[in-house]
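The tour goes stop by stop, with something to select at each one.

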Amino acid sequence: MSAGVLQTLERTYSLRMQDAEVKHRWCELVVKHKHSAAYKDVEDFLIDNQAMGVYLYGELMVHEDSRQQALARRCFSLTQEHMDPAALSVVSEMIL
């Protein structure tokens, strides 16, 4: 999906203003298509929705994209002290 299509989707459906389920799906698209203009949305989601973010951490790391991996590590460093122990364990294995 092109950056233009992703931008149109975000504007048309106000994806940043939707519930956590919709935001999660938006973040999956951002990561999958390496839409760096919306990486802040992914960061915000990982910080604000830690329990739902575990899968996104995996997606950020699996693509072996240095910018995405840096994003995952930055978010993890900001949230690890407040994470659920089970999520912390899973994410730390992916990140480290």
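**Stop 1: the aromatic pair**

Keep in mind throughout that this is a predicted model. Begin with aromatic rings; the count comes to one aromatic pair. Select Tyr57 and Phe76: their ring centres are 6.4 Å apart and their planes stand at 85 degrees, so the pair is edge-to-face. The cut-off for that label is an angle over 60 degrees. Tyr57 belongs to helix H4 (residues 54-62) and Phe76 to helix H5, so the pair ties together parts that are 19 residues apart in sequence. Now colour by accessibility. Tyr57 is buried, at 0% relative accessibility. Phe76 is buried as well, at 5%.

**Stop 2: the cysteines**

Next, select Cys75. How far is its sulfur from the closest cysteine sulfur? The distance is 9.7 Å, to Cys27, and that is too far for a bond. A disulfide needs the two sulfur atoms within 2.5 Å. Run the check from the other end: for Cys27, the closest cysteine sulfur is in Cys75, again at 9.7 Å. Across the whole structure, the search finds zero disulfides.

**Stop 3: Asp41 and its surroundings**

Leaving aside residues up to four places away in sequence, Asp41 touches Cys27, Trp26 and Arg16. Show the side chains of Asp41 and Arg16. A polar contact of 2.7 Å joins them. Asp41 sits in helix H3 (residues 39-48). Is Asp41 buried or exposed? Its relative accessibility is 12%, so Asp41 counts as buried.

**Stop 4: salt bridges within a helix**

Side chains of opposite charge can pair when their charged atoms come close. How many salt bridges are there here? The count comes to six.

Select Glu28 and Arg25. Their side chains meet in a salt bridge, 2.5 Å from N to O. Both residues lie in helix H2 (residues 20-32), three residues apart, or about one turn of the helix. Compare their accessibility. Glu28 has a relative accessible area of 17%, so it is buried. Arg25, at 47%, is partly exposed.

Move to helix H3 and select Lys40 with Asp44. These two form a salt bridge, with 2.7 Å between the closest N and O atoms. Lys40 and Asp44 are four residues apart in H3, about one turn of the helix. Asp44 is partly exposed, with a relative accessible area of 30%.

**Stop 5: a salt bridge between helices**

Now select Glu43 and Arg74. They form a salt bridge in which the closest N and O atoms are 3.6 Å apart. Glu43 is in helix H3 and Arg74 is in helix H5 (residues 66-79), so the pair ties together parts that are 31 residues apart in sequence. Glu43 is buried, with a relative accessible area of 14%. Arg74 is partly exposed, at 41%.

**Stop 6: the loops**

Leave the helices and go to the loop between helix H1 (3-13) and H2, where Ser14 is found. Check its backbone angles. Ser14 has a positive phi of about 45 degrees, although Ser14 is not a glycine. Ser14 is partly exposed, at 34% relative accessibility.

Move on to the loop between H2 and H3 and select Lys34. What is near 50 degrees here? Phi of Lys34 is, a positive value in a residue other than glycine. Lys34 is partly exposed, with a relative accessible area of 41%.

Finish at Ala37, in the loop between H2 and H3. Is Ala37 buried or exposed? Its relative accessible area is 55%, so Ala37 is exposed. Last, draw a distance from Ala37 to Gln7. Their C-alpha atoms are separated by 8.9 Å, while the residues are 30 apart along the chain.

Notes. Residues numbered from 1 in each chain as written. Predicted model: local features only at pLDDT ≥ 70, side-chain atom pairs only at ≥ 80, totals over all residues. Heavy atoms only, no water. Helix = DSSP H or I, 4+ residues; strand = E, 2+ residues; numbered from the N terminus. Buried < 20%, exposed > 50% of the residue type's maximum accessible area, 1.4 Å probe, protein only. Polar contact = N/O pair within 3.5 Å; in protein donor to acceptor, adjacent residues only side chain to side chain. Contact = heavy atoms within 4.5 Å. Salt bridge = Lys/Arg side-chain N within 4 Å of Asp/Glu carboxyl O. Phe/Tyr/Trp six-rings, centres within 6.5 Å; stacked < 30°, edge-to-face > 60°.
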